[in-house]
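This report describes selected features of the structure shown below. It takes up aromatic rings, a helix, a sheet and a pair of hairpins in turn.

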Amino acid sequence: VCAVLLCQCGVCLPLQERGALGFERHYHVTDPFIRRLGLEAELQGHSGCVNCLEWNEKGDLLASGSDDQHTIVWDPLHHKKLLSMHTGHTANIFSVKFLPHSGDRILITGAADSKVHVHDLTVKETVHMFGDHTNRVKRIATAPMWPNTFWSAAEDGLIRQYDLRESSKRSEVLIDLTEYCGQLVEAKCLTVNPQDNNYLAVGASGPFVRLYDIRMIHNHRKSMKQSPSAGVHTFCDRQKPLPDGAAQYYVAGHLPVKLPDYNNRLRVLVATYVTFSPDGTELLVNMGGEQVYLFDLTYKQRPYTFLLPKKCHTSGEVQNGKTSTNGVSNGIHIHSNGFRLAEGRAHASPQVELPPYLERIKQQANEAFACQLWTQAIQLYSKAVQKAPNNAMLYGNRAAAYMKRKWDGDHYDALRDCLKAISLNPCHLKAHFRLARCLFELKYVAEALECLDDFKGKFPEQAHSSACDALDRDINAALFSKSDTAEDKKGGGPIRLRATGRKDSISEDEMVLRERSYDYKFRYCGHCNTTTDIKEANFFGSNAQYIVSGSDDGSFFIWEKETTNLVRVLQGDESIVNCLQPHPSYCFLATSGIDPVVRLWNPRPESETLNGRVVLDMEGASQANQRRMNADPLEVMLLNMGYRITGLSSAGAAGSDDEDSSEGQVQCRPS
């Protein structure tokens, strides 16, 4: 307000301008706005699916690309079409980008005809056409620090870099994924870090997401050319396409292990969209065939599968819910031979009391758990965990709810919660037992047996409980079964690095990079991403307070970033929502999909009638999407054709691996 008054008085200083802009951007997306988000307008002009959207930097222009091979530039604030032009492409447009520092004059498009076109909007002409790719171009990326440069990702497995200052007007290969993953790999998406334009993230076939240092790659190639021995190679010499340290991989820790199962069910894992948070410290990935994942680029963590606390402390060493780690970071120790607890018996540890308001939330979560409302229990525990991140009981209880719900990735999140609970309270009995059960469900059978044996030694009074006996039977049955999975697990080497059965030639360098990959921080569930490979997920809000994603059910989903709780579902398309692009500075969202329209969403007035596009049964929509993701591809096709498939119960939403109902006192109820 002060800044506005000063501007009106003619005393507007840069400091006030920055303050006003900072205030606007900080508060432009808030919880009340999210809960009032509704449809403002539909922009009509395309005659085919709208596959891509892009705001200009100021947010007063919106560009769209379509199956009709046209691009349209809109004035979204006044719902007007400013310009429409045929791009010269001969197939569907998949990506559209404004070139930075061009005064919104230059627009770049990539399409299914394998071409990249550059257009001058002032004269409505295509001024450059690049035909270097040999398969569909799926994404274009730009960066403010590189004003005449842009990049493309295509299904030929190549990431190409373009420089419009070059007289030849050709591109060069920046990254060739086929050198690492074989000829079948396809690049699907890419994005440049907004705070450090030297970093490029790439999504491709499979569960791994790659982060590259562009500057290191260029410096490496320059040094190779300048080296006196650049043209001299011995018989055993091998030129590395990328220098050490130029690539870092990220993956949801459970997905490599699930790949054989997914492949057998014709379920494809592919990153359909990647984007950085506004401050460049987080990477968001919409994983086709699975969930949405957020990776922390600052506080990185290894996949949890081979981690367990090194020592279970006695009660005297546990104070206020915290334990000394004896020099082991976060109380976690890596074991090359699986899971091993310290010898000796465990003792009860005192719990930290929660503040009254958090105790009430925990009790509400426990009540939801008792009513088998697993998602509601998880959301309440997550809300409490955000406020009390050092309370072991909350993690242990949430793990129990994850294990009961059994959606894709729930057992791995439960494992993570168990490890967190044990690191906070090394004598958390239920967390120890649930950890063994999670390992079994994740197909780490030998490790599960070792963990269960250690549990029995640590808690001998539980050694013959019904839950222990049931898990023991399950583990031994799996160990002595003739399944290929069990036999492969007995072989050497981590299962998470194994080939998927396809004839992809995975290089040694690729294997090393995968082994060094980092795990996710948050997971967002509820949507479905199996039908299209251009489905986006984005940060919403200048502080990335919310996560938004399209879905195969025609809705788009909004989650709180920090709690991962689903807060809003809106119907955005008659079939599928693919694109969601938030306005750079307003609570304003543009979406598109199969329908030939662009839809604009903003907070509706409180006086407005009930929003007919709100999906009130968010839990029902989420469960239906889990069933859809796990359905047979033929069943999904029939569903899309309007046929109802019987026999897809909610219990089968994430695999019907029912746990033994007689879990006994160590697992069944939350604390």
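## Aromatic pairs

In this predicted model, the count of aromatic pairs comes to 16. One of them is formed by Trp146 and Trp151, an edge-to-face pair with 5.7 Å from centre to centre and 75° between the planes. Trp146 and Trp151 are both buried.

Another pair joins Tyr412 and Tyr520. The ring centres of Tyr412 and Tyr520 are 6.0 Å apart and their planes stand at 55°, so this pair is tilted. Tyr412 belongs to helix 10, while Tyr520 is in the loop between helix 15 (508–515) and strand 25 (522–524), so the pair ties together parts that lie 108 residues apart in sequence. Both Tyr412 and Tyr520 are buried. There is also an aromatic cluster, made up of Phe130, Phe150 and Tyr162.

## Charges over rings

Which ring does the charged end of Arg416 sit over? The ring is that of Tyr520, and the distance to its centre is 4.0 Å. Tyr520 is therefore placed in two of these arrangements: it pairs with Tyr412 in a tilted geometry, and it has the charged end of Arg416 over its ring.

A second case involves Arg302. Its charged end sits over the ring of Tyr518, 4.3 Å from the ring centre.

## Helix 10

Helix 10 covers residues 410–424, which makes 15 residues. From its first C-alpha to its last it reaches 21 Å, close to the 21 Å expected at 1.5 Å a residue.

Is helix 10 enclosed or open to the outside? Of its 15 residues, 14 are buried, so helix 10 is largely enclosed by the rest of the structure. Tyr412, described above as a member of a tilted pair, lies in this helix.

An open sheet is built from 4 strands in the order 10-11-12-13, with antiparallel pairing. The edges are taken by strand 10 (137–142) and strand 13 (171–176); each has a single partner strand, so one side of each is left without a neighbour in the sheet. On average, neighbouring strands of the sheet are turned by 25° against each other, with direction ignored.

Strand 10 is an edge strand of the sheet, yet 6 of its 6 residues are buried, so it is largely enclosed by the rest of the structure. Its antiparallel pairing with strand 11 runs over 5 bridges, and Ile140 stands opposite Ser152 in strand 11. Ala153 has Ile159 of strand 12 as its bridge partner. Helix 5 (residues 214–226) lies across strand 11, strand 12 and strand 13, and runs at about 110° to strand 13.

Strand 31 (residues 589–593) has 5 of its 5 residues buried, so it is largely enclosed by the rest of the structure. In a regular strand, side chains alternate between the two faces of the sheet. Both faces of strand 31 are covered: Leu589, Thr591 and Gly593 are buried on one side, and Ala590 and Ser592 are buried on the other.

What does strand 31 pair with? Strand 30 (residues 577–582) runs antiparallel to strand 31 and is joined to it by 5 bridges; here Gln581 has Ala590 as its bridge partner. Strand 30 and strand 31 form a hairpin with 6 residues between them. Strand 31 also pairs with strand 32 (residues 597–603) in the antiparallel sense, over 3 bridges. In that pairing the partner of Leu589 is Trp601, and the hairpin from strand 31 to strand 32 passes through 3 residues.

## A buried loop residue

Thr564 is found in the loop between strand 28 (555–560) and strand 29 (566–571). Its relative accessible area is 17%, and a residue counts as buried under 20%, so Thr564 is buried. With neighbours within four places in sequence left aside, Thr564 is in contact with Phe522, Arg523, Tyr524 and Trp559.

Definitions and conventions. Residues numbered from 1 in each chain as written. Predicted model: local features only at pLDDT ≥ 70, side-chain atom pairs only at ≥ 80, totals over all residues. Heavy atoms only, no water. Pairing = 2+ DSSP bridges. Helix = DSSP H or I, 4+ residues; strand = E, 2+ residues; numbered from the N terminus. Axes fitted to C-alpha atoms, helices over the stretch in contact; angles between N-to-C directions. Contact = heavy atoms within 4.5 Å. Expected span 1.5 Å × (residues − 1). Buried < 20%, exposed > 50% of the residue type's maximum accessible area, 1.4 Å probe, protein only. Phe/Tyr/Trp six-rings, centres within 6.5 Å; stacked < 30°, edge-to-face > 60°. Lys NZ or Arg CZ within 6 Å of the ring centre and 35° of its normal.
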